[in-house]
Amino acid sequence: MSATTGTSTPRRPWIVGVSGASGTPYAAAVLRALLHAGEAVDLVVSRAARLTILDETGHPFRDAHAQEDLHRWLSSGADGTPDAFDPDVSAVRHWPAGDLAAGPSSGSYPARGMIVVPASTACVAGVALGLSKDLLQRAASVTLKERRPLVVAVRETPLHGQTLRHLVTLDDAGAVVLPASPAFYAGGSSVQHLVDFVAGRALDAAGVPHKLYRRWEGELGGMTAGP
């Protein structure tokens with residue numbers, strides 16, 4: 001049924017942009033949690049991110065095999081364990097990063113918001129300056145201009161002055177700047193737990209419910225890892 005008949009709910013996805021910074025397990029955890037929450041997802045993987053995925057997982061990410069490659073990527077644990085998860089990726093729509101005519105390039109495209117995870121300093125600069133050199137940057141710029149939630153999970157250290165100024169620019173524009181900084185109070189005992197904490201904080205900023213980490217309740221002791 002079409003959205004105009006009133007008998008169907010229009011698809012309103014979260015856009016997830018993956019840039020070339022190290023930290024693709026963060027993106028995988030965010031994607032799995034969005035799907036687990038029943039959210040539709042539009043995925044944009046930058047050209048540099050494809051190299052990072054290959055380097056960090058040993059597997060390619062190809063436009064022509066996007067669903068197959070995505071399932072293999074999301075099935076792996078943060079420590080590289082294969083088949084640690086069994087995600088249903090049917091709710092994910094992949095857009096090539098070079099497709100500047102794609103749906104997310106327009107403000108009229110219905111989207112809930114966008115999470116850029118991980119965000120490289122080059123991506124941060126491009127969005128802050130409004131360069132729109134690829135679909136990821138364009139979609140982020142559209143998200144800002146439409147006043148939709150934009151979470152930028154920057155993954156770099158140390159940060160120099162120019163990047164810090166770009167991050168302030170994004171903050172002033174309404175984005176949430178979320179450094180990929182794992183915390184230890186949730187009792188994480190594995191790489192996956194630390195990754196899930198960062199992913200959970202990104203989803204908190206976007207307003208998406210999840211159970212990726214144990215929340216602080218003001219009491220010391222009993223620090224056991226969450227599910």
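A residue is called buried when its relative accessible area is under 20%, exposed when that area is over 50%, and partly exposed in between (1.4 Å probe, protein chains only). By this definition Asp 69 is buried, with a relative accessible area of 1%.

The structure is a predicted model, in which local features need pLDDT of at least 70, side-chain atom pairs count only at pLDDT 80 or more, and totals for chains, interfaces and linings use all residues. Residues are numbered from 1 along each chain as its sequence is written, and side-chain values use heavy atoms, with hydrogens and water left out.

Side chains of opposite charge can pair when their charged atoms come close. A salt bridge is defined here as a side-chain nitrogen of Lys or Arg within 4 Å of a carboxyl oxygen of Asp or Glu. Eight salt bridges were found in a search of the whole structure.

Asp 69 takes part in a network of salt bridges with Arg 62 and Arg 72. The side chains of Asp 69 and Arg 62 meet at 2.9 Å, N to O. Those of Asp 69 and Arg 72 meet at 2.8 Å, N to O. Arg 72 and Asp 69 are three residues apart in helix H3 (residues 66–75), so about one helical turn separates them. Helices (H or I, at least four residues) and strands (E, at least two) are DSSP runs, numbered from the N terminus. Both arginines are partly exposed: Arg 62 has a relative accessible area of 33%, and Arg 72 has 26%.

A further salt bridge joins Arg 112 and Glu 39 (3.3 Å, N to O). This pair links distant parts of the chain, 73 residues apart. Arg 112 lies in the loop between strand S3 (92–96) and strand S4 (113–119). Glu 39 lies in the loop between helix H1 (24–36) and strand S2 (41–45). Glu 39 is buried, at 16% relative accessible area, whereas Arg 112 is partly exposed, at 35%.

The surface also carries a nonpolar patch. Tyr 185, Trp 216 and Leu 220 make this patch, of about 360 Å². Patches consist of residues with over 30% relative accessible area and no salt bridge; like charges are joined within 9 Å, and nonpolar side chains (Val, Leu, Ile, Met, Phe, Trp, Tyr) within 5 Å. Accessible areas come from the Shrake-Rupley method with a 1.4 Å probe, and for residues only the protein chains shown count as cover. Trp 216 sits in the segment after helix H7 (191–206). Its relative accessibility is 43%, so Trp 216 counts as partly exposed.
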